[in-house]
Amino acid sequence: MKFNIKKIGIVSFAFAAAVSFNSCVGDLDVTPIDPNLDTPENVLTGIEQYNQLLAKCYSALSVSSPDGESGSPDISGIDGGFGQYLRALFYMQELPTDECVIGWNDQTIKDLHGLQWTSSDVFVTAAYSRVFYQISLCNEVMRQIGKASNSSDPTMQQYRAEARALRGLSYLHAIDLFGNVPFIDENTEVGGANPQQISRAELFEWLVKDMEECAEQLPANPEKYRAGKGMAYMILAKLYLNAGVYAGAPNYAKCAEYCKKVIDLGYKLESQADYFKMFGADNDQCLGVGHELIFSVYQDHLQTQGYGGTTFIVNAATGGNMAYYDMGLGGNGWGGIRVTPEFVDKFSAADRRAVFFTDGQTKEIEDIGEFYSGYAFQKFTNLKADGSLINGSKLSEVRLVAEAVAEDAQNTVAKEKLTELLKGVNSFPDTDFPIFRLADVYLMLVECQVVGGVSGIDGIAKFNEIRNRAGISSITNPTKQDIIDERARELAWECQRRTDLVRFNQLTSADYLWDHKGMNSNIGTPHAVDNKYNLFPLASSDVMSNSNLVQNPGY
């Protein structure tokens, strides 16, 4: 079920109190969506209204504002595009790694790839604020349902569990990115004292228990785009995969346990032929039990217009000599993100996932500010699996007509035909963003077996299923390095890389260097950085306004 985001304003009142506190957002003050606030008694009159209340928790992952790309963003103090949840997450998880560089000069953005950010970095603060805004939204849904006269209704309880799972996802991002964070739940007094700080290890224990309870209340086969058991199990598997980082002691056995629970729900790998369907405009066909995608964030070229999510990923990856229509767009891209040569070198010639655009691009990043430096990467597109654009026009026909226009700019017939073929196609993709998918489960299992020493699981076999689908040969005895390299190839640009590099002790160390690591200019050579960059700082504005918070070491 795709929520109607345009109807969310009718229940916006409920979030005004939830997000009015200052401590978890600092000077990026959270503002209500709808200035014409109402009271709960007047608006929450039936189960459907609670459904729309919950819808805000889902839509806040997709857009910065319920009013579309021109609306006021949920959090002030930063451009609505930069402050969108998925874009902020992509910046944190991909830009500091070998999988992505960005050529823009927006404020401190190059410090992210250079691993040189500070506690006042605007992009770090935006991610921090967005995560806690989302947690606040979910808390308020749970709070309002708990106060309802029909709170024990099974449907209401499912809504509560969905909000809880979405909160769990954001707390997973909080523990991973920021470590020791301010803690708020549905029992936190709204407008009361500043939140207390919770240690990373304590948050780990709380979140494990919370998600274990939540999983029991969620459906095994949820409606599309809604939280189900698979989502909760994935959060638990991710927590245990990174338990050594989060809690100080690895627990691969529990990770394997939850990976098996996901598989037992009936999710299946997509075929080799359908692989790229998962990253295109009709990838909702790959979502749900019986398919590979476990939980995706909804994107639609009409309902979720904004400059984050896959709008950012597809547009920023398009530039240079690339034809915008080859990416399924209706106009020129933004020419921003590419990959490092070290990432390119991880792929063999036979690997079907090596979708690099090289025409006019240099493999080496000679100038990080120039789109032509570094190969472009065409994993995410706005094309349908049958090779058509979102309006049904065939890409092959669009190419022929576009070539005719390029050869003769005065060819009015061809220009009119191209306009017709691109009618209804814009820069906002229908490509949903895959938060969790089964391939990750398979790669977690092999890590549990090889790195964690867990017996009785078929992790290596699952690992080779991933490789064989990509058209490359099996590895009988994969090493630790084989595993993290396979994760890079399979999960590229899916907001996993920084977490993986931290877990394998490769983000900050000299053991693995990539182009511009530790740099934010073209001067010097890549180098190791301070280990403090394995963790982002808490927003300095929040630390200054809340005496209960202690900044992460080194910041």
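**Rings, charges and a pocket**

Student: Where does K532 lie relative to Y555?
Tutor: In this predicted model, K532 lies over the face of Y555, at 4.9 Å from the ring centre.

Student: And what sits over the ring of F279?
Tutor: That would be the charged end of K379, 4.5 Å from the centre of the F279 ring.

Student: Okay, switching to ring pairs. How many aromatic pairs are there?
Tutor: The count comes to 35 aromatic pairs. Take F90 and W493: their ring centres are 5.9 Å apart and their planes stand at 85°, over the 60 degrees needed, so this pair is edge-to-face.

Student: Where in the chain are F90 and W493?
Tutor: They come from distant parts of the chain, 403 residues apart. F90 is in helix α4 (residues 85-93), while W493 is in the loop between α18 (480-491) and α19 (497-503).

Student: Are F90 and W493 buried or exposed?
Tutor: Both F90 and W493 are buried.

Student: What about Y324 and Y325, how are they arranged?
Tutor: Y324 and Y325 form an edge-to-face pair, with 5.3 Å from centre to centre and 75° between the planes. Y324 is buried, and Y325 is buried too.

Student: New topic: what volume does the largest pocket have?
Tutor: The largest pocket has a volume of about 350 Å³.

Student: Which residues lie nearest its centre?
Tutor: Of the 20 residues lining the largest pocket, F276, Q378, T381, L383 and K384 lie nearest its centre.

Student: And what classes make up that lining?
Tutor: The lining of the largest pocket has 10 nonpolar, six charged and four polar residues.

Terms used
Residues numbered from 1 in each chain as written. Predicted model: local features only at pLDDT ≥ 70, side-chain atom pairs only at ≥ 80, totals over all residues. Heavy atoms only, no water. Phe/Tyr/Trp six-rings, centres within 6.5 Å; stacked < 30°, edge-to-face > 60°. Helix = DSSP H or I, 4+ residues; strand = E, 2+ residues; numbered from the N terminus. Buried < 20%, exposed > 50% of the residue type's maximum accessible area, 1.4 Å probe, protein only. Lys NZ or Arg CZ within 6 Å of the ring centre and 35° of its normal. 1 Å grid on protein atoms, 1.4 Å probe; cavity = no way out; pocket = protein on both sides within 12 Å on 5 of 7 lines; lining within 4 Å. Points joined across faces, edges and corners; volume = space filled by probe spheres on them. Nonpolar A, V, L, I, M, F, W, Y, C, P; charged D, E, K, R; others polar.
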